[in-house]
Amino acid sequence: MKGDADIIFNTATTGDGKSLAAYLAGLLDKNFRIMGLYPTIELVDDQDRSHRDRKNSDGSIEKGWHSLFGLNADKRIDRLYGEELSRRVSDGESNRFQELRKAIENKPLILTNPDIFHLITHFQYRNPAYGETELPLLMAEFPDVWVFDEFHIFGPHQEAAVINSLSFIRRSQQRKRRFLFTSATPKDSFIKQLKAAGFETEKIPGNYSDHAQPGYRKILEAVDLEFVQLKKQDAMGWLAEHHDDIEAALTAEDRGRGLIILNSVAQAGRVVELLKGLFQDSVEVEEISGRMDRASRQQTQNKLKNSAKPVLVVGTSAVDVGVDFKIHLLIFESSDSATVIQRLGRLGRHQGFKQYRAIALLPEHAPWILSRLQKQLSEEVSIDREALKDAVLKAFDAPKEFQEYHREWGVVQAHGMLSKLQEKGYAKVMQPVCDRITQDLQPLYGNSIAGTAKWKLRDFDQPVADAIQSELIRFRGGTSLQAAVWDDKRFYTYDLLRLLPYTQVEVLEESDFLDAALSQGYQSYTFQYAQVFLKVQRWVDERIDIQLRTGRDSSELQGCTLILLGKLCLTHHPQSDVINCLTRKSFLSFLVPGDYWKVRDAFRVGPLFGLHSLTDSSEKTYACAFGQDALLLKALKNGRLTKLCRQNSAPTIF
């Protein structure tokens, strides 16, 4: 660990060995304890595989890091995520508190996700036999270092949560706390907030060359990159039109391997069925996405490693963050600069192919991206990755930062954490810790954290305030309208408004859905935030243009603030039970009166941001966001948002 820094950012690029560097201290010293936090289960598994011995297709054994250092991975490593915790609770007649406590006390290396880390530091795991501070303090004392991997993919909601948690860890312990962020593109705004909270930070860059020379090792292969502007078609249409070229590229290599990354789970499923039909038996087409269970994903990984046929994987964001694929062909949808840079990092990591090719599909609605790229990049000219990165950053609109989020909602979240420490029973003991945390966070949130938090909630009635606080407790928040989905033999959760345009479904009672899921080995915990339970009857060929409406009229709806929105229906869907599946529910929402597309353009939010068109019973239109996205819009209440709200406000009659 470098110098006196509390937080180290290892900004080395893809393939440079950031992961091994992160765990090297624990491999050299068996008593050194590490907690690794990864945004996806795939990354947890990927890291776990690096530590363990692996059997190659020829029968040889490739030693993992633990074996190379004479250590036993089975005895030292634990993997923890929601599904695994649920399994242990079910098998051992235990609870999550006990299982987490057992892992922290007995394993020197824990691979988990930041969601569990966040829930622990915000006192969400309880056991009547222990005080509420027991597990958070135990975890705070556990590691010598925390490793946060690929943290740049997260937004302001998660950044605020982590800063609050790091302050709790630092101030509840006597010895110095160390945190390592392994990310090639850390956000300057996040580092600035950390420094304001009193953390000493240090960046460690990589040292690279674009040609072979003594002292350097090759980490990435040269890639042929093509930007394709979609015109009057989506990614699926382009793939159908160019399937012969894709097949030729895969069969030209010995054991050809390719990866397609799409923005939608629904789209990924349709593309898999399309390409299987087009390729027949010449190429094995597999899917890795949020709707695939762990067994299915492992089968796909095995095919990538062992199949004699060409293999093409169709995936979503589940594969574009850090997972190591041995491929030579990459095709991906591009929405913003961060996505392009991240997804390009999947290609060229392994030798053994004759040619490495990447195709970036540019969205039809943003033709200016290609013209910007053409001004900076010449055709058929070599360029190093740093220069390419600069060109991409200039060509694409930067992801919306929502800089004011921490002042709007981070303070409310911090107050909730501090309130738990000050509850009856241990308030006196924990007061010095609270005082030190408060001193850290005051530069971010103001001198009176409690007063500011209460002031932020003062204009909301109690049900809305409760919904806000519930959303803040969830590290990633919810999807806009989350559905529990029974799809063949798979069970998963997905955004309802992204699913329904592509499916015919049956609406189920929660109990019937859970009975079916539990019989297949799933746990009810997986579906605890679902608002509706569905069984997929079939995936449709033509997109259904559903519309979101509310039965409330404009006199009942308040725009440009947070409300609980009810009486929702999904018109234009051919199934009546689907149309009315949300009618009896209410959702934390933020409405901006006016034309949806004008509002979206004014905000400059990316295509994955959960902004929807809504019409009320008076035929007035709005741009509408739910859950965490609603909180983000509320934090934007300045500049463009204020102007839009004034332009579209209703006249006032005295």
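This is a predicted model: local features need pLDDT of at least 70, side-chain atom pairs count only at pLDDT 80 or more; totals for chains, interfaces and linings use all residues.
Residues are numbered from 1 along each chain as its sequence is written, and side-chain values use heavy atoms, without hydrogens and water.

Helix α5 spans residues 82-92 and α6 spans 96-106; they pack at about 105°, with axes 9 Å apart. Helices (H or I, at least four residues) and strands (E, at least two) are DSSP runs, numbered from the N terminus. Axes are lines fitted to C-alpha atoms, for helices over the stretch in contact, and angles run from 0 to 180 degrees between N-to-C directions.

I listed the contact (heavy atoms within 4.5 Å): L85, S86, R88 and V89 of α5 meet R96, E99 and L100 of α6. These residues divide into three nonpolar, one polar and three charged (nonpolar: Ala, Val, Leu, Ile, Met, Phe, Trp, Tyr, Cys, Pro; charged: Asp, Glu, Lys, Arg; polar: the others, Gly among them).

Next I traced an open sheet of six strands, with parallel pairing and the order β10-β15-β14-β11-β13-β12. Two strands pair if DSSP finds at least two bridges between them. Strands β10 (224-229) and β12 (284-288) are at the edges with a single partner each, so one side of each has no neighbour in the sheet. I noted an average twist of 15° from one strand to the next.

Strand β12 pairs with β13 (residues 311-315) over five bridges, in the parallel sense. I found E287 opposite V314 in β13.
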